[in-house]
Amino acid sequence: MLGEFEYLLISAASGLGDQAYSGAIQREIAAATGRRCSIGALYTTIDRLESKGLVKTWMGEATAQRGGRAKRMVRVTAKGVQAAKSFYDAVTGISRGAQWAVKDAGGTS
Amino acid sequence: MRDAGWRAVELAAQLLDRCESEAVLGDLEEAGGSPWRNLLDISGLIVRQQALLWKSWRPWLASFGLALPASLMLMGFSLSVSLAYRHAGEIAMPLLAGRMVLLAAWSWTGGYAVAAMSKRTLWMSIVSCCLPCLFCLARFRVPSLPSACLLLFLPAAIWGVWQGSRLSGIKTRTAILLATAVTLLTLLFMGEGLPATTWMLIWPAWYLAATAESNTL
């Protein structure tokens, strides 16, 4: 099963679609969690996910904004989608009876 | 000030793979953080990557199972060869030449195996080899020989490391031939008076034979 940060990374990459690269994923995670994620954590997790076959990475185009340097593009594989879905199902399943989940459901209905 | 800081960041990024370094520097440039923050970020990545490498047995074996003990034994054999050369009249020339070839063979296979075993932690293997060398050089007290004779093994070892870090591997047949040749040379030329542990110097050659791939050069 995925770890929490692995799930965040796969979800961010999936949401960004064709625009998913390390820098954009880092910003997405920071925006969602309210915490800055370090380059070290990001890159080592991308490497780990790639070695497990959950994401695929390649070097993309360079932009002037990046000082003419290439981006490390990320795409979630079918295996990665399956792993993220399993994690999501487990979290939503286990949270069903939790106080905060019940409150949220009550508030929205 | 920013330029100096950014140069330090770029310098630190040299420790990463070329592609990774480019992507990381691009991300940092895009984020526009302070040089200090960027330096911390990149150092964190390097430390994490190194820590992950050390979870495997390979760096441990390369640094502390091979580079460290082999450098001590090779220094001992370098000294033995130097003394034999010094007293060339008392030892047959073919025997001396055989010992020199054996020293080169042990050193080359040792260096090659260290590099092939764990390329990305090569720096630690180099430190593990250099520390005993510096220690022995500082304590070298043989009046008839220069202290540099302890390091006779180094050129072949450096050549082995250089080749091991660049080539993808050795063909199985070549590696087995090499290991057999090193074993025969050891049987013929190691000589008496050396500790039995010196036999340990043949295992890098057999390691190369055991890990050789048939589709590599």
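Is A:Tyr7 buried, partly exposed or exposed, and why? A:Tyr7 counts as partly exposed because it has 18 C-beta neighbours inside 10 Å. A residue is called buried if 20 or more other C-beta atoms lie within 10 Å of its own, exposed if 12 or fewer, and partly exposed in between, with C-beta atoms placed from the backbone.

Before I continue, a word on the source. This is a predicted model, in which local features need pLDDT of at least 70 and side-chain atom pairs count only at pLDDT 80 or more, while totals for chains, interfaces and linings use all residues. Residues are numbered from 1 along each chain as its sequence is written, and chains are lettered from A and ligands numbered from 1 in the order in which they are written.

Let me return to the tyrosine. A:Tyr7 sits in helix H1 (residues 4-16) of chain A; helices (H or I, at least four residues) and strands (E, at least two) are DSSP runs, numbered from the N terminus. Not counting residues up to four places away in sequence, A:Tyr7 touches A:Leu2, A:Ala84 and A:Phe87, where contact requires C-beta atoms, placed from the backbone, within 7 Å. Between A:Tyr7 and A:Phe87 there are 7.3 Å from C-alpha to C-alpha, although they are 80 residues apart in sequence.

The next topic is helix packing. The axes of H1(A) and helix H3 (residues 39-51) of chain A come within 10 Å and cross at roughly 85 degrees. To this contact H1(A) brings A:Phe5, A:Glu6, A:Leu9 and A:Ile10, and H3(A) brings A:Ala41, A:Thr45, A:Ile46 and A:Leu49.

I turn now to the strands of chain A. Strand E1 (residues 55-63) and E2(A) run antiparallel and are joined by seven bridges; two strands pair if DSSP finds at least two bridges between them. One of the residues concerned is A:Lys56, whose bridge partner in E2(A) is A:Arg75. Five residues lie between the strands of this hairpin, in which A:Gly67 takes a positive phi near 70 degrees. Strand E2 (residues 69-76) is largely enclosed by the rest of the structure, because six of its eight residues are buried.

Finally, the interface. Here 16 residues of chain A are in contact with 18 residues of chain B. On the chain B side, helix H2 (18-31) and helix H3 (35-53) each supply at least two residues, and H2(B) gives the most, with eleven.

Terms used: Contact = placed C-beta atoms within 7 Å. Axes fitted to C-alpha atoms, helices over the stretch in contact; angles between N-to-C directions.
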